[in-house]
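Have a look at the model below and keep it open while you read. My notes follow as numbered points.

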Amino acid sequence: MIFATVGTQLPFDRLLLGLNSWAMRNPDVPVFAQAGTSTRDFSHIKTVSHLSQSDFQAHFEAAHLVVAHAGMGSILSAAELGKPIILMPRRAKFREHRNDHQQDTANKMARLSNVTVVQDGEALHEALDYALSRGFEIAPQTAVAQASDFDPLIEAVRDFVWSEFDTAAKPRSDFREKAA
């Protein structure tokens, strides 16, 4: 099963349309998407607007592959569960977000072995076809990962997220200690 998530705040039809057209050509692969505020009909994938936290976790755990916007929650969840993830960042030029921070996030995460970054529907199709042909692996070097394999990833993501709060007056470590 492929699980897709686009967050809950803004529609992300570009990702969902790409996934829907891929699912049309691959009807034997179940695809379930948390579609957020989209008002479109996606006839080849099962969608819901929102999921409870426990349902979201259950779908994430059951998935062989995750397709998502470049939201930190999705990236962290994939890392913690050892799931391969295909990211399509929201882009400001398509009015999918106010700025391109998701592009920046995707660029940082692209170096990780469980992450593939795509920019459009065609690249999404190619990544999904490749993953399907490899038993849902997303890169030739990707193997079934152990949770401990992602400790460096999780630390890198935490450093990236907390770097936004880094100021001369207050070192990052102080923020982490208070947040923990």
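1. Which residue of strand 5 does Ala 68 stand opposite? Ala 68 faces Leu 87. Before going on, note that this is a predicted model, where local features need pLDDT of at least 70, side-chain atom pairs count only at pLDDT 80 or more, and totals for chains, interfaces and linings use all residues. Residues are numbered from 1 along each chain as its sequence is written, and side-chain values use heavy atoms, with hydrogens and water left out.

2. Six strands make up an open sheet in the order 3-2-1-4-5-6, with parallel pairing. Strand 3 (46-48) and strand 6 (115-117) sit at the edges, each pairing on one side only. Ignoring direction, neighbouring strands are turned by 20° against each other on average. Two terms to keep handy: strands (E, at least two residues) and helices (H or I, at least four residues) are DSSP runs, numbered from the N terminus, and two strands pair if DSSP finds at least two bridges between them.

3. Now strand 1 (2-5). Four bridges join strand 1 to strand 2, and the two run parallel; Phe 3 has Phe 32 as its bridge partner there. The chain gets from strand 1 to strand 2 through helix 1, in a right-handed β-α-β crossover. Right-handed means that, with the strands pointing away from the viewer, the path from the first strand over the helix to the second runs clockwise.

4. Strand 1 also pairs with strand 4, in the parallel sense over four bridges. Ile 2 stands opposite Leu 65, and Phe 3 stands opposite Val 66.

5. Check the side chains too. In a regular strand they alternate between the two faces of the sheet. On strand 1, Ile 2 and Ala 4 point one way, Phe 3 and Thr 5 the other, and all are buried (under 20% relative accessible area, with exposed being over 50% and partly exposed in between; 1.4 Å probe, protein chains only). Strand 4 is covered on both faces as well: Leu 65 and Val 67 are buried on one side, Val 66 and Ala 68 on the other.

6. Helix 1 (residues 13-25) lies across strand 1, strand 2 and strand 4, at about 165° to strand 2. Helix 5 (residues 121-133) touches strand 1, strand 4, strand 5 and strand 6, and its direction makes about 170° with that of strand 4. Contact means heavy atoms within 4.5 Å; axes are lines fitted to C-alpha atoms, for helices over the stretch in contact, and angles run from 0 to 180 degrees between N-to-C directions.

7. Just after helix 3, Gly 82 takes a positive phi of about 65°.

8. Finally, what gives the most to the lining of the largest pocket? Helix 3 does, with four residues. Of the 19 lining residues, the closest to the pocket's centre are Thr 5, Gly 7, Thr 8, His 69 and Ser 74. For the term itself: on a 1 Å grid over the protein atoms alone, a pocket is an open set of points where a 1.4 Å probe fits, with protein on both sides within 12 Å along at least five of seven lines, and lining residues have an atom within 4 Å of a point.
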